[in-house]
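Please keep the sequence and the model in view while reading.

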Amino acid sequence: MISDEISSLSSLICFSGVINKDNIVVNICYLNDLIELHQKAEIGIWLLPEHWGKGIFQEVMTKVVAYGFKELNLHRIEAFVESGNTKCRRAIAKTGFTYEGTMKDCEQKDGKWISLSVYAI
């Protein structure tokens, strides 16, 4: 079960998911880089690997996207996914996000350049 706990820090709104049985936080999903002028934000998610494939990603993303559009009056929500992370790319596409392109070698991770796939809804 996912909790509806919400905390806010200026341009970051964070949602935490809790499996009530053990009261363990298994995921964090957030909206950051909120730009009021353009009515847009970036969405991000972290999920413990042992909970992958259980539908938590879709449940949480759907709730956060709905919150962004209904409560924050956003026009656009963007997601940036490591291009090599095919599981995450498939999961985000299942939640209604559209692939818009790839930013090649745009960030460094562990001393190597990585590309990011851009999705939006």
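This is a predicted model: local features need pLDDT of at least 70, side-chain atom pairs count only at pLDDT 80 or more; totals for chains, interfaces and linings use all residues.

Is Asp 110 buried or exposed? Asp 110 is exposed, with a relative accessible area of 74%, and the residue sits in the loop between β6 and β7.

**Overall layout**

- The protein contains two helices and seven strands, and these elements follow one another along the sequence in the pattern β-β-β-β-α-β-α-β-β.
- Of the 121 residues in the protein, 38% are buried.

**The hairpin of β6 and β7**

- Strand β6, which covers residues 98-109, and strand β7, which covers residues 112-120, are paired in the antiparallel sense over eight bridges, and Thr 102 stands opposite Ser 117 of β7.
- Two residues lie between the strands of this hairpin, where Asp 110 takes a positive phi near 50°.
- Most residues other than glycine have a negative phi, whereas the phi of Asp 110 is positive in a residue that is not glycine.

**The hairpin of β3 and β4**

- Strand β3, made up of residues 24-35, runs antiparallel to β4, and seven bridges join the two; in one of the pairings, Leu 31 has Ile 43 in β4 as its bridge partner.
- This hairpin has four residues between its strands, and Gln 39, which lies in the turn, has a positive phi of about 50°.
- Asp 33 also has a positive phi of about 50° although it is not a glycine, but Asp 33 is found in strand β3, and with a relative accessible area of 43% this residue is partly exposed.
- Val 25 is another residue of strand β3, and at 38% relative accessibility Val 25 counts as partly exposed.
- Although Val 25 and Leu 47 are 22 residues apart along the chain, their C-alpha atoms are separated by 9.1 Å.

**Helix α1**

- Helix α1 spans residues 56-70, which makes 15 residues, and from its first C-alpha to its last the helix reaches 21 Å, close to the 21 Å expected at 1.5 Å a residue.
- The buried residues in α1 are Ile 56, Phe 57, Val 60, Met 61, Val 64, Val 65 and Gly 68.
- These residues lie on the same side of α1, because they cover an arc of only 145° around the axis.
- An α-helix has 3.6 residues a turn, so residues three or four places apart point the same way.

**The largest pocket**

- The largest pocket holds about 840 Å³ of space.
- The pocket is lined by 30 residues, of which Ile 45, Phe 57, Val 81, Asn 85 and Cys 88 are the closest to its centre.
- Two or more residues of the lining come from each of β4 (40-47), α1, β5 (76-82), α2 (86-94) and β7.
- By residue type, the lining of the largest pocket divides into 18 nonpolar, five polar and seven charged residues.

Terms used: Residues are numbered from 1 along each chain as its sequence is written. Side-chain values use heavy atoms; hydrogens and water are left out. The expected span of a helix is 1.5 Å times one less than its number of residues. Buried means under 20% relative accessible area, exposed over 50%, partly exposed in between (1.4 Å probe, protein chains only). The arc is that of the directions from the helix axis to the C-beta atoms. Two strands pair if DSSP finds at least two bridges between them. On a 1 Å grid over the protein atoms alone, a cavity is a set of points where a 1.4 Å probe fits but cannot get out, and a pocket is an open set with protein on both sides within 12 Å along at least five of seven lines; lining residues have an atom within 4 Å of a point. Grid points are joined across faces, edges and corners, and a volume is the space filled by probe spheres set on the points. Ala, Val, Leu, Ile, Met, Phe, Trp, Tyr, Cys and Pro count as nonpolar, Asp, Glu, Lys and Arg as charged, and the others, Gly among them, as polar.
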